[in-house]
Amino acid sequence: MSDLLPLATYNLNIEPYTPTPAIDVTRPVTVRITMAALNPEAYDDEKKPSTLRIVKRNPDFDDEDDILNGDYDEDEFDEEEEQEEEEEEEEEEEKPKKKKAKKQEKDEEEKEDDDEEEDDDDEDDEFEEYVLLTLSPKGQYQQSVDITIAPEEDVQFVVTGSYAISLSGNYIKHPFDAVNMDEDEEDDEEGQYYDSDEYDLTPDEDEIIDDELDDLEEEASDVEARVEELVEEKEQEQEQEKKPSNKRKQEEKQEQEAANKKAKKEKKAKPAAEKEKKKVEFKKELEEGPTKKTQDKPKTKTRVLEGGVTIEDRTVGKGAQAKKSSKVGMRYIGKLKNGKVFDKNTSGKPFVFKLGHGEVIKGWDIGVAGMAVGGERRIIIPAPYAYGKQALPGIPANSELTFDVKLVSLK
């Protein structure tokens, strides 16, 4: 729904001078880091501020051997040839030759050490290192960040200083993670179209159980009410039995019953006459020609909210209404203006989010507000309150989106 859908909490503890991979190879999921915090317990007595560095592999690094490129030292071969000639010419001068040979060996060792240092420099060029932030108990304990790292990136974190740094954020579902889906699955999704006036949001087993519990509670309340009525009737009968009866009261009662019977007969006769009169009048209206408006079914009421977001309640739910900061569980079917389905949740776990906190597109925060559990609603969202000019897989830029939603849980 939103550009980056959070899946689970991400946490990473980085100890000083210990390179730590950003993503575990056993869990290759895109992460979004939003906070860096300092551990106030120092690892040494120096208590230096800790600097967090991000280390990435250099994409321009070329690890081919220099010899394959034709790079070699001609002076080295010349020195070896001169050394052989001098050894042949000065065979008799043993001591000077040994002294010179030791000097040459020393020079060669120094040259090899220089070559090794150059190799180390080349190895250092394989990675790029950047300073991300610096934290200290005397200055700042934490810093908010916004870094997204994909599984294919080779990224490590290194802390220099006396304190460990903890990173936190979320594992996320990136909108482009599903770009490489099977083409057959794409064809199946593209072939699904729903009628604009009909949709099926069949409840899951947990919803059915909740409905049954609600029915049982209503039946229990009805039974209690009936028991109270019977108790009241019994008490009234006992009070009447205690009162002394006399002939006058019996006569009044009989007169009252007779009057009631007469009134009932008059009441029955009056509706029959009125019915006959209405029947004649209705026939006269038929002769003049009735309109079809009285036979049409009442249409569902639509409302236009902020930004042109239009809502149409198909079924009104019961109980408390969803408001800002409510945790709502939803079923939904998302369609383009031409009826093509680009996303849906009609089975499995409902889609849960916190209302009014920007965890979904703005049109959802506006359109879901006011719904109750069991309510079904159609939400039509203009492009500026959906994804705007941004094009996503299955959703062209500047698309008006239609969602048929059902609220299944509210906390």
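Reader: What should I know about the model and its numbering?
Author: The model is predicted, local features need pLDDT of at least 70, side-chain atom pairs count only at pLDDT 80 or more, and totals for chains, interfaces and linings use all residues. Residues are numbered from 1 along each chain as its sequence is written, and side-chain values use heavy atoms, with hydrogens and water left out.

Reader: What is the strand order of the open sheet of four strands?
Author: Strands are DSSP runs (E, at least two residues) and helices are too (H or I, at least four), numbered from the N terminus. Two strands pair if DSSP finds at least two bridges between them. Here the order is β2-β7-β4-β5, with antiparallel pairing. The edge strands, β2 (20–21) and β5 (127–135), each pair on one side only. β2 is joined to β7 (residues 155–160) by two bridges; P21 has Q156 in β7 as its bridge partner.

Reader: How is a pair of aromatic rings described?
Author: By the distance of the centres and the angle of the planes. Rings of Phe, Tyr and Trp (its six-membered ring) pair if their centres lie within 6.5 Å; planes under 30 degrees apart count as stacked, over 60 as edge-to-face and the rest as tilted. The structure holds nine such pairs. F351 and W364 have ring centres 6.1 Å apart and planes at 80°, so this pair is edge-to-face. F351 lies in strand β14 (residues 351–354) and W364 in helix α6 (residues 362–368), 13 residues apart.

Reader: Is W364 buried or exposed?
Author: Buried means under 20% relative accessible area, exposed over 50%, partly exposed in between (1.4 Å probe, protein chains only). W364 is buried, at 0% relative accessibility, and F351 is buried at 11%.
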